[in-house]
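Me: Could you walk me through a helix and some ring contacts in this protein? Here is what I have.

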Amino acid sequence: MTSSRVILSFSALLAFSLPSWAASLSINGLKGEELTNLEVYLSSISKDEYSTDLRFRARVESMATESLNALGYYNPIISSRVDEGKDELIVTIDQGNPVRIKELDIQLLGEANEDEDFKNIIRNSPLKLGVKLNHGQYDSLKSSIRNLALQKGYFDADYKVSRLEVAPSKNQAFIRLHFDSGIRYHFGATSINGSQIDEERVRSLQPFEESKPYQATQVGEFNQNLSNTDWFSSVFVEPELSYLGKGREIPMKVSLAPQSKNKIETGLGYSTDVGVRGSVKWSKPWVNSRGHSFDSSVSLSVPEQTVTAGYNIPLKDVLNDYYRLQFGMKILDNRDTESVETNLSVERHWLLDGGWHRTAYVRYLYERFTQGLQDDTSQFLLPGVTYTRTRVRGGAMPTWGDKQSITLEYGDPAVLSETRVVRLLAGTTFIRSAGKNHRGIFRLDGGANFPDEFESLPPSLRFFAGGDNSIRGYGYESVSPTDDSGALTGAKYIVTSSLEYQYRVTGNWWGAVFYDIGDAFNDTPEWHDGAGVGIRWVSPVGPIRFDFAWGLHESAKDDFRIHFSLGPDL
């Protein structure tokens, strides 16, 4: 008796512990769009639920019918059988003849009847007489008309008739859409509440005019413009819909809350160029009711300590047209360079057509320095102009983008400069993608000094190559001509370029291979090149780059460097 109970218990244990294998499912007779749509429907069923029983067969046949109905097939012939040997359910489908549109009655009532945007939506819809019915196209047309009405201020709009009828026995469909838009509302008076900035300044950011037709895109633009000033902690722009039916013009309401008068940020980072770097930033997003702002920062690392402060004075175009006063001081002790650099500048900023940002400025530079064997002090008054443009699509790891910049500066001994000099700096970067997993980045940067006396230029005006954002595989600013003692002197000219390919390994992780080349030189370049592999991670604080690079020039033979940096590609 005892042994029998043991055997039964052991058998029961095996029965409950053995895995149960789900059946497989095969679909025959469909292809293309019809097969893809059925697969979407079936994806709601876990493969663990696959079976060959009657209940599962009925479920699959029902889904097949629904998926084909959605694409205009109302008379499919569906059969199923079970392959017992393979524990497989085989479903065979003959989709039959499609339902075609026999009647298409689309009417625009109200002021939308004269609106070309509505007519274009209907004209471009794939719904035509005689074409195969597609429920998704019908729903899309309905939604597009309704959404356009909301975007353009037809707030009273509604469908008077919205009907899709199908006669399966005749394979015919009848569509009737009668859309009454009512009137199109216009922008009314704008009220502004909660602003600490002069109302005139706030209104200058408004892209629409009173009594002009309503556009949701312009409301969004106004909201974005206000947010971009950093004057406000919250921004909300909305039409006052309680005024609907009381006239054509609808008032606009702007609700604002002041930004904190003082903002402090601290940071701790690391790059192989300067090692550990700590920073403190203090800013005043608004100093007064005219919207002036102030910003400052202190950044400390072993080779470099910087202090900057700036004051912005917005003009008529608050976001893009402004004056900036800036002061900066940098203490540098790196390789063969020791310097104390002081800059004071007055800048005028504009936004030009095509997205170009122009900055005209005058800066005063005073620098005490030791560069190799040279120990000197110099000053320069440098008027200049900079043009920059950045275009990007695709978030933290853009799928497409480019950036161009060009700067021209001039110094003259007749006006506080040690020597006559013309300086030209330019750069371009391109990002292109193939699909979601492949990215390519090309960068080309260059600079040139044309001085009467090169020795009068301080280190900050000379060129050095090498480092995280220059030629990887070489130390930070380690590439330049040398003096008689072998110390770096800086150069008149610089050219660097990089070509990089990136592949998405998984999620936010990418792998990279790259090749860099360039030189800082006085007469003829002696090209220094480097190559390597890297890792890219789109972290919560921005893209992080981690590179393993080898310098290929004779001066860096067998030299291996790790480069680490944080920040966007553009």
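This is a predicted model: local features need pLDDT of at least 70, side-chain atom pairs count only at pLDDT 80 or more; totals for chains, interfaces and linings use all residues.

Me: Which residues are buried in α7, and where on the helix do they lie?

Reply: Helix α7 covers residues 216–228. By that cut-off, its buried residues are V219, F222, N225 and L226. Seen down the axis of α7, they fall within an arc of 125 degrees, so they line one face of the helix.

Me: What covers the buried residues of α7?

Reply: Helix α6 (199–203) is part of the cover. Strands are in there too, among them β7 (186–193), β8 (232–239) and β9 (249–258).

Me: Which residues form one aromatic cluster with F222?

Reply: F222 is one of the buried residues of α7. The cluster it belongs to also takes in F155, Y185, F187, F208 and Y214.

Me: Are the rings of F118 and Y154 stacked or edge-to-face?

Reply: The structure holds 18 aromatic pairs. In the pair of F118 and Y154, the ring centres are 5.3 Å apart. Planes over 60 degrees apart count as edge-to-face. The planes here stand at 85 degrees, so the pair is edge-to-face.

Me: How many residues apart are F118 and Y154?

Reply: F118 is in helix α4 (residues 116–124), and Y154 is in the loop between α5 (135–151) and β5 (158–167). Both are buried. The pair links distant parts of the chain, 36 residues apart.

Notes
Residues are numbered from 1 along each chain as its sequence is written. Side-chain values use heavy atoms; hydrogens and water are left out. Helices (H or I, at least four residues) and strands (E, at least two) are DSSP runs, numbered from the N terminus. The expected span of a helix is 1.5 Å times one less than its number of residues. Buried means under 20% relative accessible area, exposed over 50%, partly exposed in between (1.4 Å probe, protein chains only). The arc is that of the directions from the helix axis to the C-beta atoms. Contact means heavy atoms within 4.5 Å. Rings of Phe, Tyr and Trp (its six-membered ring) pair if their centres lie within 6.5 Å; planes under 30 degrees apart count as stacked, over 60 as edge-to-face and the rest as tilted.
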